[in-house]
Amino acid sequence: MDAIAELHGRFLDRIAQAPDAEALEAVRLAALGKKGEISAMMRSLGQMSPEERQSAGPALNGLKSEIDAALRARRAALEDAALDARLKTEWLDVTLPARHRPAGTIHPISQVMDELTAIFADMGFSVAEGPQIESDWYNFDALNIAPEHPSRQEMDTFYMHRDSGDNRPPHVLRTHTSPVQIRAMQAQGAPIRVIAPGRVYRMDMDQTHTPMFHQVEGLAIDRDITMAQLKWTLEEFCRAFFEVDQVELRFRASHFPFTEPSAEVDIRCSWEGGQLKIGEGNDWLEILGSGMVHPHVLRAGGIDPDQWQGFAFGLGIDRIAMLKYGIPDLRAFFESDLRWLRHYGFAALDQPSLAAGLSR
Ligand code: PHE
């Protein structure tokens, strides 16, 4: 009986002092494991006399269940303490103000490109692309621009450098998006309906000109396309883009080597108190060049001009962005001034939709 009392005291002490789950498991094995001291005493019951067994048996069973209960209680206490400690270190104050995350804005040019792409997509135009560094054949010759044409003059066009001894004509930074007409015709044949938005380059710099700017080219070729459809397409586009029902366009006879006949298009507007309004007033603002695609250009694109005809136009994207969003100076578009970008930029989720682009 003394041995049992001694085990009782010793194991309860060790259980009470076990600092963690691992130490507690060691105590359990030492007491109740297969080779544990209490288990060994249980086995020794077999060698006792019946009288001895009668008193030792219940005492040992009592000891065993008491130790078992103490182990359980201690394990629960240790787990509670561990949880408390975790809760103390991992707490989070959800009432604190959120950390500031700077968000960029969509540049007005990107916004306008998305808007016009959505509007023309609804009229069945898909987007075509071409390189910004272009061969002079695509930029000029294929578009029926003769070698002596003024737009080829060095003062207008950026020419790429050729190694000395390399006498091929130099590549150019494309001066308009019209070379994409040729590339799209070659790639897709007729009928075709594409727009080609992108960067173009000319040596020019003042409040309304920058050496790099943006155009969107339009091209529609089919068997019986006429100037009436060109006019409708442009009017429909302007109504949707400027979100006004009363859009008035003026077609002025003009000349481009790649269209015949050609027209420049002005939009009716008013400047009152420095505020620009589209669709009313007595002023006209030129926004694009257009015309019926010249037979030479169709042929350069691999399309038979006796079978097919159509229209093309080239629209200044920066120009119409300034008009729609009241941005006075073109140069500011490309200065990357963060204050300007925050003021004129668009939220990333301000996605253009056709509904947003139509009159309210
Ligand atoms: N490429 C002409 C320009 O840059 C615009 C244009 C395009 C005119 C297509 C007619 C047809 O001024």
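Which pocket is the space taken by the ligand? I found that the ligand takes the space of the largest pocket. I worked on a 1 Å grid over the protein atoms alone, where a pocket is an open set of points at which a 1.4 Å probe fits, with protein on both sides within 12 Å along at least five of seven lines. A molecule sits in a pocket if more than half of its atoms lie within 2 Å of its grid points.

I note that this is a predicted model, in which local features need pLDDT of at least 70, side-chain atom pairs count only at pLDDT 80 or more, and totals for chains, interfaces and linings use all residues. Residues are numbered from 1 along each chain as its sequence is written, and side-chain values use heavy atoms, with hydrogens and water left out.

Entry on the ligand. I listed 14 residues around the ligand (a heavy atom within 4 Å), and H176, S178, R202, Q215 and G314 are the closest. I then looked up polar contacts (pairs of N or O atoms within 3.5 Å). A polar side-chain atom of R202 lies 2.8 Å from a ligand oxygen, and one of Q215 lies 2.9 Å from a ligand oxygen. For S178, a polar side-chain atom lies 2.9 Å from a ligand nitrogen.

Entry on the largest pocket. I recorded about 970 Å³ of space in the largest pocket. Its lining (residues with an atom within 4 Å of a point) has 39 residues, and R202, F213, Q215, F256 and E286 lie nearest its centre.

Note on methods:
Polar contact = N/O pair within 3.5 Å; in protein donor to acceptor, adjacent residues only side chain to side chain. Points joined across faces, edges and corners; volume = space filled by probe spheres on them.
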